[in-house]
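This briefing concerns a predicted model and is arranged by topic. Please consult the sequence and the 3D structure alongside the points that follow.

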Amino acid sequence: MKVLAEILLFSFLVVLASAPARAHHAFAAEFDADKPVKLSGTVTRVEWENPHAWFYIDVKDSSGRVENWGLEMGSPNILIRAGWGRNTLKLGDAVTVEASRAKSGANIANAKVVILASTGQKLFAGSSQGKP
Amino acid sequence: MKLIVAGFALLIFWSSNVSAQWARYPDNSIPRTRDGKADLAAKAPKARDGKPDLSGLWQPEPDPAGLPKGVPIVESIHETFAIPRFFIDVTAETKPAEGLLQPAAGATFLQNLQSGGKNDPGAHCKPTGVPAIANLPIPFKIIQTEKLVIILYEEGSVFRQVFLDSRKTVQDPQPRWMGYSTGKWEGDILVIESSGFTEKSWLDRLGHTHSEAMRITERYRRTDVGHLEYEVTINDPKTFTRPVKYTQKASLVPDEDLLEYFCTENEKDTQHYR
């Protein structure tokens with residue numbers, strides 16, 4: 001029982017580092033830090049609201065097919081204090097995102113870094129992923 | 001090193017941006033050094049009644065030990081403020097760990113650990129209770145008057161009222177997430193006694209729970225203008241065989257204010273939990 005608790009504790013601490021600083025949410029129940037994904041596309045929607053800011057991008061694959069991805073960031077409060085504003089990402093902006101995919105396999109992911117194509121500006125997305 | 005550079009880059013980015021926000025407004029009550037910066041090492045201020053004045057916007061300090069051992073370092077904003085250890089594990093400094101939990105509480109704790117965070121009330125937009133809410137790296141604001149101390153927490157946009165009017169502990173209370181609090185001064189220390197908590201709240205992220213019989217004693221001391229520390233003692237014999245005790249520190253955030261935070265505003269995660 002003690003050994004099991006220790007193993008669980010260790011694995012949870014690793015996962016915890018990936019959790020946003022807010023009490024919300026259960027990162028490990030939703031995203032897989034071992035499934036990194038790098039996406040480039042154009043912003044189609046921005047939801048600058050708590051508990052997490054979301055933005056959506058159209059991503060074109062090699063065959064030219066367009067898929068829309070939802071990307072979750074930290075809370076707007078954390079992002080504001082890290083220098084983001086609600087107009088940092090605008091509709092039509094070209095961005096590259098490093099993120100962790102959802103366990104469900106759906107086109108959603110938890111963003112780690114967002115790079116604005118126009119300026120090359122690298123923005124931290126407010127929720128770390130558990131992997132360097 | 002990469003981390004430190006990232007931290008500084010963020011700080012510079014931050015300081016060049018926040019001036020555009022209304023949340024940043026110079027507070028004339030804070031003593032200043034010659035260059036106009038807040039003098040955080042100045043003597044703690046006194047209130048009109050001669051008591052130390054705890055008023056201000058406070059940010060719980062990161063874990064002095066950094067991230068827990070074995071956790072990979074990630075280049076992100078969180079490494080510039082590692083989450084305070086007591087938010088992760090409220091029992092982190094209650095030694096020895098063996099035999100601390102009552103058997104039933106130990107079983108519940110194990111279940112919560114196994115849930116990978118899914119059992120966490122916070123993961124379902126339930127409030128973060130006392131004392132966990134003051135262990136998050138998210139600010140709270142103390143407003144002190146002679147007979148009433150109000151604590152406003154950005155997390156969940158919730159409040160606590162601490163009555164210093166000699167009223168007795170509440171009897172047969174309707175259980176609350178934030179409890180019922182009374183306070184008194186012992187020298188320079190504000191001692192807050194709280195009870196009447198709902199057993200739904202968690203004490204930390206790992207999943208330590210408590211019963212409705214839990215009583216919490218907090219001892220707040222402002223060591224200077226820029227620093228606040230609070231010693232927290234959790235008494236709950238139904239959960240713990242001994243009191244759980246720790247001291248958390250917080251730093252003044254000069255010239256800033258709370259932001260609004262409602263977890264249910266645009267909650268989209270629970271539907272994706274696996």
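Helices (H or I, at least four residues) and strands (E, at least two) are DSSP runs, numbered from the N terminus. On that basis, chain A holds three helices and six strands, and their order along the sequence is α-α-β-β-β-α-β-β-β.

**Conventions**
- This is a predicted model, in which local features need pLDDT of at least 70, side-chain atom pairs count only at pLDDT 80 or more, and totals for chains, interfaces and linings use all residues.
- Residues are numbered from 1 along each chain as its sequence is written, chains are lettered from A and ligands numbered from 1 in the order in which they are written, and side-chain values use heavy atoms, leaving out hydrogens and water.

**Confidence**
- The mean pLDDT (the predictor's confidence in each residue, from 0 to 100) of chain A is 81, and 76% of the residues score at least 70.

**Burial**
- Of the 132 residues in chain A, 56% are buried, meaning under 20% relative accessible area with a 1.4 Å probe, protein chains only.

**Residue A:I108**
- A:I108 lies in strand 5 (residues 108-116) of chain A.
- A:I108 counts as buried because its relative accessibility is 10%.
- Beyond four places in sequence, A:I108 has contacts (heavy atoms within 4.5 Å) with residues including A:F31, A:W54, A:W69 and B:H272.
- The C-alpha atoms of A:I108 and A:V97 are 12 Å apart, with the two residues eleven apart along the chain.

Note on methods:
Buried < 20%, exposed > 50% of the residue type's maximum accessible area, 1.4 Å probe, protein only.
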